[in-house]
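Here's a quick briefing to read with the model open beside you. Have a look at the fold, then work through the points below.

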Amino acid sequence: MTQPSTRPAVVSLRDVGKTFSSGTMALQHLDLDIRQGEILSLLGPSGCGKSTALRIIAGLGEASNGSVVWTDGGADHSRDVGFVFQEPTLMPWASVFDNVWLPSRLKGVSRSAARDNVMQALDSVGLHAFAEAYPRELSGGMKMRVSIARAMVTRPRLLLMDEPFAALDEITRQKLNDDLMRLQADLGWTVVFVTHSVFESVYISDRIVVMAARPGRAFGELTIEAERPRGTAFRTSPAYVEYCRQASAMLTAAIGKAAATVDGH
Ligand code: ADP
């Protein structure tokens with residue numbers, strides 16, 4: 001199989017900038033290629049424009065300048081994108097099944113026509129038996145699995161995840177990292193994963209783009225060449241520690257640079 005770093009881009013951001021009406025320049029000169037079948041992490045401190053970049057890729061927000069280019073040249077790809085937020089954002093009054101059905105329902109697919117897809121998505125995240133449960137009956141990790149199932153039910157080309165596991169305890173987070181890698185390998189997903197955890201980004205990513213703030217931009221890039229599947233052996237290896245050291249140093253430099261910019265140096 002070809003290395004993710006040599007595969008064609010699904011979507012490319014070219015010189016993307018975003019200035020909000022408040023005057024905040026959230027992004028400036030952002031160039032980013034998202035390659036087919038890779039897990040790409042955007043790693044950076046709070047406020048460096050990671051969420052803004054995801055929203056622009058998803059079509060939930062417009063770039064002030066620059067362009068977002070999809071390889072097949074079409075304009076509206078918002079329906080080809082699955083989005084997972086930090087909060088599971090489930091409808092509390094609806095069953096797990098109905099929550100996962102929602103994106104298909106919005107596309108006009110009936111409950112019965114969606115059934116197989118919904119159950120398959122729930123099966124993938126290990127929640128087949130919980131289709132009729134309600135969100136209040138689930139743990140935080142299970143709610144996040146429902147949210148992932150909901151994002152995958154329409155089989156998007158690109159899965160965008162905005163700090164999806166940040167609110168979970170460490171054990172649950174590790175488990176979901178493993179599950180995400182398994183699903184990504186099985187189903188061939190392309191994933192953009194926003195995080196501020198060096199450890200998480202090194203563990204799951206093919207590539208890490210470190211971002212700096214004020215204005216938000218890509219500061220550096222790191223390719224993680226460790227073999228897949230990855231597990232405890234990788235997490236406890238010298239190579240993992242070395243990648244974490246490199247990512248951490250890049251992040252520290254990115255934060256230092258942003259602080260220097262603010263101080264006017
Ligand atoms: P991150 O995801 O890296 O924490 P964001 O993309 O959320 O960063 O935000 C980048 C910058 O843009 C921050 O300074 C934030 O306050 C600002 N920002 C984000 N959304 C808005 C908005 N809707 N209006 C004004 N400023 C915003």
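What follows covers a sheet, the nonpolar cores, one glutamate and some backbone details.

This is a predicted model, with local features needing pLDDT of at least 70 and side-chain atom pairs counting only at pLDDT 80 or more, while totals for chains, interfaces and linings use all residues. Residues are numbered from 1 along each chain as its sequence is written, and side-chain values use heavy atoms, with hydrogens and water left out. Helices (H or I, at least four residues) and strands (E, at least two) are DSSP runs numbered from the N terminus.

**The S2-S1-S4 sheet**

- You'll find an open sheet of 3 strands here, in the order S2-S1-S4, with antiparallel pairing; two strands pair if DSSP finds at least two bridges between them.
- S2 (25-35) and S4 (65-70) are the edge strands, each pairing on one side only.
- On average, neighbouring strands of this sheet are turned by 10° against each other, direction ignored. Axes are lines fitted to C-alpha atoms (for helices, over the stretch in contact), and angles run from 0 to 180 degrees between N-to-C directions.
- Helix H1 (residues 50-58) packs on the sheet and touches S1, S2 and S4; the direction of H1 makes about 60° with that of S2.
- Strand S1 (residues 9-19) runs antiparallel to S4, and 5 bridges join the two.
- Gly17 has Asn65 in S4 as its bridge partner.

**Nonpolar cores**

- A nonpolar core is a set of buried Ala, Val, Leu, Ile, Met, Phe, Trp, Tyr and Cys residues joined through side-chain atoms within 4.5 Å. As for exposure, buried means under 20% relative accessible area, exposed over 50%, and partly exposed in between (1.4 Å probe, protein chains only).
- The largest core has 55 residues, and the members touching the most others are Leu122, Ile148, Met161, Phe165 and Val202.
- Apart from that one lies another core, of 26 residues, including Val10, Leu13, Leu30 and Val209.
- Contact means heavy atoms within 4.5 Å.

**Glu221 and its surroundings**

- Glu221 sits in strand S9 (residues 217-223) and is partly exposed, at 43% relative accessible area.
- The side chains of Glu221 and Arg207 are joined by a polar contact of 3.1 Å. A polar contact is a pair of N or O atoms within 3.5 Å; within protein, one must be able to donate a hydrogen and the other to accept it, and residues adjacent in sequence count only if both atoms are side-chain atoms.
- Glu221 and Leu40 are 181 residues apart in sequence, but 10 Å apart in space, C-alpha to C-alpha.

**Backbone details to check**

- The peptide bond from Arg214 to Pro215 is cis, with omega near -10°. Pro215 is in the loop between strand S8 (207-212) and S9.
- Arg214 is in the loop between S8 and S9, and its phi is near 50°, a positive value in a residue other than glycine. Arg214 counts as exposed, because its relative accessibility is 54%.
- There's a cis peptide bond between Arg228 and Pro229 too, with omega about 0°. Pro229 lies in the loop between S9 and helix H7 (232-235).
- Glu163, in the loop between strand S6 (158-162) and helix H5 (170-187), has a positive phi near 45°. Glu163 counts as buried, because its relative accessibility is 16%.
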